[in-house]
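Open the model in your viewer and keep the selection panel at hand. The tour goes from a whole chain to single residues, then moves to another chain.

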Amino acid sequence: MPGNLRVQAISGHSGAAPGSGAQRQERVAKLIDTTTCIGCKACEVACLEWNDLPFRETAFDNTYQTMPQTAWNYWNLIKFNEHTAADGSFHWLMRKDQCMHCADPGCLAACPADNAIVQYQNGIVDFQQEYCIGCQYCVTGCPFNIPRFNPATKKMFKCTLCTDRVSQGLEPACIKACPTGCLHFGTKEDMTALAQTRAQQLRQHTAHTNAGVYDPAGVGGTSVIYVLHDIANPEAYGGLPANPRVPWAVRLWKGPLKWLGNVAMIGGLIGVTLHYLRFGPKKVEEHGK
Amino acid sequence: MGAGGAVACVLGFDLKPAYAQARDLKISRTTETRSTCPYCSVSCGIIIHTLGDKAKNVTPQVVHVEGDPDHPINRGTLCPKGSSLQQDIDNPRRLLKPQVRRPGSDHWEDIEWDSAIDEIARRVKKTRDDTFVEKDAQGRTVNRCEGIAWNGGCTDTNEFNYLVVKSMRSLGVCYLENQARV
């Protein structure tokens, strides 16, 4: 494994990955300050360039957005949202939409393929395309609608948080490009502190008295955190869920039901064996003799 | 493994070695060349990553361009145009020969360098002869050519801009602009 990425959890595995937690690794995070984003899309281009993603057709939907949503080969999209505030004033709400790298990733919980989704100890959740079986369960598991299917290769793709760069001590490509400094990268601890400072500054010195930090607890916190003008209304930012959770169906299916199924299967095997020992093989009586 | 392995698998244990793999850093051993973004007059510092280590038998090709963190102007950042600079160099749609779009035409056609230069010279001469103003309304000598304007491109060098100013001024062109701020 290149770099110093240590595995925390692997899809298709029960419990912790072998050796995880033996060594300390700092969690990293992206901080996106939506109040200083100007929608220049430098992060979109930097993402495409770094990840060698080819040019793709874009769709015009009467906004300045490059396309309606992210695609399998377009992992990072600025969502342009027209918003009318309570006082009738017009605002642009621009949000960089990409994988949130949840601490409790729904995609990983839902994934049945061994090793197809990996969570590293620094918080990055990455798809391993060579192990992906293309079942798209991760789409069901993700509360942010991020994993995308490539119909040609039958594999899932999403933002990798530039694992190749971060594992070598570099910042992600989008963060480096951002010319307004609305994107920041560092440890989760530092980014949280910076976000809180910025939100407080907004509350005290601007009209955004309800500014806050978006780091949803429903998915255990995320490695991509936002500073929002109005923390009470994340939906206004192009469908950012107010309280994202891993769907209960995934939790049930991959939790109690999986173990119940295993117990039923083992119980059946034991029952069959006991029945055989007690009553012996089945004798077929021939009729009419 | 046998039966024990089968039971372990059923119980959700996987006996295969667990390993994930991240991609290698694509610029880990590329040659880094510092340069200046050619687009606007902000003149951000960039680092151009090329294939190979400048050994004799290698033809370097640009594989990645990103901002120069040591440059005082942009400190590593780039705008969307600057971020796409790799495609400025390595691009099948890059223009490698002169083309002309005739008046009223809707398409570009190829033209030889010699005939292009001849044609430009002929048109410059004709336009200048037609629009040259020797004296203004009050009879003062001005010697200006108002029918031609020059707009310099962002990739023009200082030396090129110097030549442009000298040659255009000699024709009497007043509407003269370039991006010599880079």
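Predicted model: local features only at pLDDT ≥ 70, side-chain atom pairs only at ≥ 80, totals over all residues.

Residues are numbered from 1 along each chain as its sequence is written, and chains are lettered from A and ligands numbered from 1 in the order in which they are written.

Show chain A as a cartoon. It has eight helices and eleven strands. These are DSSP runs, numbered from the N terminus: helices are H or I with at least four residues, strands E with at least two. The C-alpha trace of chain A spans about 95 × 45 × 40 Å along its principal axes.

**Helix α8, chain A**

Select residues 256-279 of chain A. This is helix α8, with 24 residues. From first C-alpha to last it reaches 33 Å, close to the 34 Å expected at 1.5 Å a residue; the expected span is 1.5 Å times one less than the number of residues. How many of the 24 residues of α8(A) are buried? The count is zero, and the helix is hardly covered.

**Two loop residues**

Most residues other than glycine have a negative phi. Now pick A:Lys41, in the loop between β2 (28-33) and α1 (42-50) of chain A. Its phi is positive, near 70°. Is A:Lys41 buried or exposed? A:Lys41 is buried, because 22 other C-beta atoms lie within 10 Å.

Go to A:Asn145, in the loop between α3 (137-141) and β7 (148-150) of chain A. Phi is positive here too, about 55°. A:Asn145 is exposed, with 12 other C-beta atoms within 10 Å.

**Chain B**

Colour domain 1 (31-89) and domain 2 (99-177) of chain B. The bounds come from an automatic or database domain assignment. Their centres, taken over C-alpha atoms, are 33 Å apart.

Zoom in on the open, antiparallel sheet of chain B, ordered β1-β2-β3. Strands β1 (31-36) and β3 (62-67) of chain B each have a single partner strand, so one side of each is left without a neighbour in the sheet. Strands pair if DSSP finds at least two bridges between them. Strand β2 (45-50) of chain B pairs with β3(B) over five bridges. Finish at B:Thr50, which stands opposite B:Val62 in β3(B).

Methods
Buried ≥ 20, exposed ≤ 12 C-beta atoms within 10 Å, placed from the backbone.
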